[in-house]
Amino acid sequence: MLRSLLTATSLLLALPAAASFCPDQPATGSWGLSYQLDNNGQRSGTLEILRHGSDTALYNPDRQIGEWWVLADSKRPRFHRLFGEQQRRIDYTTGDLRALGVNVNIDSIESFAMAPLLSHLKAGDAVADCPAARHYSGEINGSHYEVNWHSALKLPLLLETRKAGQVRRWQANALINEPTVNQRFGQWLDFQPTDFADIGDMETDPFLAKLITQGFIEHAHPTAYNSDGTVISSEGDHAGHGH
Amino acid sequence: MEFKKLALALAIGLSLALSGCGDDGDDGVAGTPGQNGTPGQDGAPGRDYTEVNSWYTSASAAVSRASTTNFNETAGAAKNVILFVGDGMGISTLTAARILEGQLAGEMGEDHRLSFETFPHVGLVKTYSSNQQTPDSAPTMTAMVTGVKTKDGLVSVSDAAVRSNCTSGQGQELVTSLMLAEMAGMSTGIISTARLTHATPAATYAHSVNRDWEADSNMPAQAITDGCKDIAAQLIDFSYGDGIEVALGGGRSYFTPNTTQDPEYGSNGRRRDGRDLTAEWTSKYSNSAYVWNRDQFLAVDTSTTDHLLGLFEPSHLQYEADRADDTAGEPSLAEMTSRSLDILKRNDNGYFLMVEAGRIDHAHHAGNAARALHDTIALSDAVRVAIEKAGPDTLILVTADHSHVFTIAGYPTRGNPILGLVRGNNADGKPAAGYDTDANGMPYTTLGYANGPGFGFGSDPMNQDDQRPDLNLYDVTSIDFRQEATVPMGSETHAGEDVAVFATGPGASLVSGSIEQHALFHVMARAANLVARAEAAQP
Ligand SMILES: [Zn+2]
């Protein structure tokens with residue numbers, strides 16, 4: 001415990017200079033960033049954020065699960081939950097999201113919930129080796145944040161939080177190219193779709209029956225932070241409150 | 001002693017009766033056959049029940065009315081039949097919706113009545129299916145429109161069939177009331193706020209061993225090879241009589257190929273077989289129309305259109321609470337009912353119409369009571385339209401397929417907001433200053449669920465003693481509020497207790513007492529003499 005904390009602290013201290021990955025603004029509307037997630041210095045997973053026109057998806061390639069937001073009509077967002085292993089997709093209409101009490105904040109969805117929090121942090125210098133990114137730090141509701149924010153991509157290249165000895169770190173390490181992004185979205189279109197509204201009546205479908213009884217559905221908020229700005233997931237499944 | 005009390009009450013009651021009270025608007029005058037009756041008058045809102053004996057006089061008057069309500073119960077006395085189904089509209093849903101509608105009109109709410117609660121005949125319906133204590137919509141609607149119970153998941157095939165086994169259902173297809181009506185030369189219509197291919201509307205016109213076989217892409221290849229047909233195709237290929245006159249609801253994507261884009265959302269259709277069933281509808285029928293938004297729907301000339309197909313969403317229609325915000329515009333259930341009747345009434349042989357409020361069920365599954373109640377009120381509005389338009393030779397039934405685990409809890413004071421926190425009465429019987437609280441001092445809502453997604457509130461503030469959220473911090477009356485649930489589940493479930501059936505018109509008194517769900521078919525069949533009329537019309 002002590003050792004992992006020390007490791008984390010030393011990483012943290014080295015932060016502003018550690019910007020080996022510095023992507024340019026992609027020339028296309030289809031691109032993504034891949035993040036390595038660490039929990040107290042231990043690698044805990046991979047997460048991708050994919051942009052496809054006005055759509056945004058969060059995808060965990062290890063577990064093949066994802067969340068896909070359709071935001072072309074900002075007042076009427078739609079949402080898909082993706083299960084690659086089963087080749088299944090759950091579709092949520094705007095009405096479904098409202099019935100579940102999910103508040104949709106597009107800035108949050110497109111930035112891992114980071115954009116709305118930036119104004120609460122102290123802006124520092126440009127990141128060494130990556131002038132397109134700027135360093136931010138500060139406390140929000142008891143969590144200490146260190147962020148390298150890429151202002152053109154509107155995404156963090158590095159995001160680290162510390163709370164009660166827990167250090168969580170998201171490090172962008174690769175740009176995902178257009179063919180890969182297009183391939184992902186195309187593949188999800190072919191998944192077997194089920195309307196969220198129908199799930200309650202499909203208890204004989206073994207896959208859906210599990211969702212009915214064990215539940216995943218109400219935690220449809222895509223952000224990695226709850227309303228207090230606290231990290232509530234580093235596994236990429238982004239459980240969040242639904243209000 | 002008891003007798004003396006009654007006499008006293010009666011005396012006072014009579015004197016109060018002379019001063020007159022508002023009533024609930026169920027005194028509409030029956031019209032002569034073939035003509036509309038005069039609509040009933042709504043009572044003055046805010047009737048003062050603090051005068052205890054107005055209870056007595058109003059109830060006494062209701063009983064007097066009931067004793068003089070005589071319907072012609074001869075077989076075949078009903079020229080027309082309208083069956084309204086609130087999907088998942090259990091009795092607690094009716095009570096809560098009635099109170100909500102009353103409160104939205106500025107009343108206390110409890111003494112309010114939904115339109116069909118003025119019907120003279122009511123029964124309690126047993127909803128179990130042939131293989132489940134608590135059913136889904138497929139066997140329950142099958143029971144209502146075919147006269148027999150079947151297994152869960154089966155759509156108008158007998159329970160000899162096996163779910164998802166195509167060949168097991170062949171030869172097990174059941175004749176429905178809508179098919180009989182078509183055979184008899186009547187006009188027919190189906191309306192739903194769900195997809196037209198969803199279990200409840202599907203059971204009227206289709207046979208399927210799996211309620212989910214709504215488009216060909218939802219079916220295994222073997223089932224198609226074995227000769228089973230998806231539900232959407234069965235609606236268009238329907239071969240009884242001169243075909244269905246009116247079909248209005250959702251499910252557009254199940255009728256269009258996966259190579260064409262939706263006019264409202266741009267998403268692809270779901271059909272692999274390349275058929276555009278909307279185009280087939282207009283080419284199959286003369287004087288026909290296909291519409292997909294409210295403006296088009298309102299522009300249809302109902303005096304000349306013989307076959308109208310309306311598909312207003314790729315899947316289910318919007319919840320009533322969200323309908324005004326729809327991109328392309330959707331008609332209300334009442335509007336669909338009204339204009340359908342304009343078309344159906346043109347047939348002198350009468351009509352059979354099924355109207356489903358299909359999304360009460362969905363809102364309950366999501367644990368969102370407000371949307372379920374607003375959809376219930378929308379059904380009440382649709383029934384009111386039917387009461388006014390249908391005429392006295394029409395049997396109208398209003399029922400549900402099954403209930404939900406939805407409860408009305410605590411001891412709220414009269415007029416307490418039905419979506420609100422429970423505020424009880426103080427020792428004087430007056431509204432208390434604060435909310436009622438649980439064992440740990442936390443307030444709770446009147447409405448709640450026995451299971452579902454409303455268990456716990458994610459990472460939101462929670463009382464650590466009882467693991468409940470602090471509802472003082474929430475707007476519990478918000479349309480989006482999710483009521484609490486006792487057992488954590490991703491989706492709230494159906495419930496197994498009886499549902500109600502309300503009836504008016506010729507044959508209505510056949511509905512009484514505790515009845516089996518499949519008896520409702522026999523009520524409709526006898527009232528409109530469907531079987532004999534169908535047989536007589538055969539060449
Ligand atoms: Zn249901």
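Here is a walk through a few spots in this structure, which is a predicted model.

Let's start in chain A, with strand β1, which covers residues 30-39. Nine of its ten residues are buried, so the rest of the structure largely encloses β1(A). What does β1(A) pair with? One partner is strand β2 of chain A, residues 42-52, which runs antiparallel to β1(A) and is joined to it by ten bridges. If you want a spot to look at in that pairing, Tyr35(A) sits opposite Leu47(A) of β2(A). The two strands make a hairpin, with two residues between them. In that turn you'll find Asn40(A), which has a positive phi of about 50 degrees.

Strand β11 of chain A, residues 166-176, also pairs with β1(A). This pairing is antiparallel too, and it spans eight bridges. Here Ser34(A) has Ala174(A) in β11(A) as its bridge partner.

Now hop over to chain B and look at Thr142(B), which belongs to helix α4, residues 137-146. Is Thr142(B) buried or exposed? Its relative accessible area is 0%, so Thr142(B) counts as buried. And what does it touch, once neighbours within four places in sequence are set aside? Its contacts are Gly147(B), Val148(B), Thr150(B), Leu154(B), Val155(B), Ser156(B), Leu174(B) and Ala203(B).

Further along chain B, helices α11 (residues 333-344) and α13 (residues 369-390) pack against each other. Their axes are 7 Å apart and meet at an angle of about 25 degrees. Since angles under 35 degrees count as roughly parallel, that is why α11(B) is described as roughly parallel to α13(B). The crossing of these two helices is right-handed.

Who makes the contact? On the α11(B) side it is Leu333(B), Ala334(B), Thr337(B), Ser338(B), Leu341(B) and Asp342(B). From α13(B) come Ala378(B), Leu379(B), Asp381(B), Ala382(B), Val385(B), Ala386(B) and Lys389(B). Sorted by class, that contact has eight nonpolar, two polar and three charged residues. As for the spacing along a helix, an α-helix has 3.6 residues a turn, so residues three or four places apart point the same way.

The last stop is helix α14 of chain B, residues 519-527. Which of its residues are buried? They are Leu520(B), Phe521(B), Val523(B), Met524(B), Ala525(B) and Ala527(B). After α14(B) comes Asn529(B), with a positive phi near 55 degrees.

Terms used: Residues are numbered from 1 along each chain as its sequence is written. Chains are lettered from A and ligands numbered from 1 in the order in which they are written. This is a predicted model: local features need pLDDT of at least 70, side-chain atom pairs count only at pLDDT 80 or more; totals for chains, interfaces and linings use all residues. Side-chain values use heavy atoms; hydrogens and water are left out. Axes are lines fitted to C-alpha atoms, for helices over the stretch in contact, and angles run from 0 to 180 degrees between N-to-C directions. Helices (H or I, at least four residues) and strands (E, at least two) are DSSP runs, numbered from the N terminus. Angles under 35 degrees count as roughly parallel, over 145 as roughly antiparallel, 65 to 115 as roughly perpendicular and the rest as oblique. A crossing is left-handed if the near helix is turned anticlockwise from the far one by less than a right angle, and right-handed if clockwise. Contact means heavy atoms within 4.5 Å. Ala, Val, Leu, Ile, Met, Phe, Trp, Tyr, Cys and Pro count as nonpolar, Asp, Glu, Lys and Arg as charged, and the others, Gly among them, as polar. Buried means under 20% relative accessible area, exposed over 50%, partly exposed in between (1.4 Å probe, protein chains only). Two strands pair if DSSP finds at least two bridges between them.
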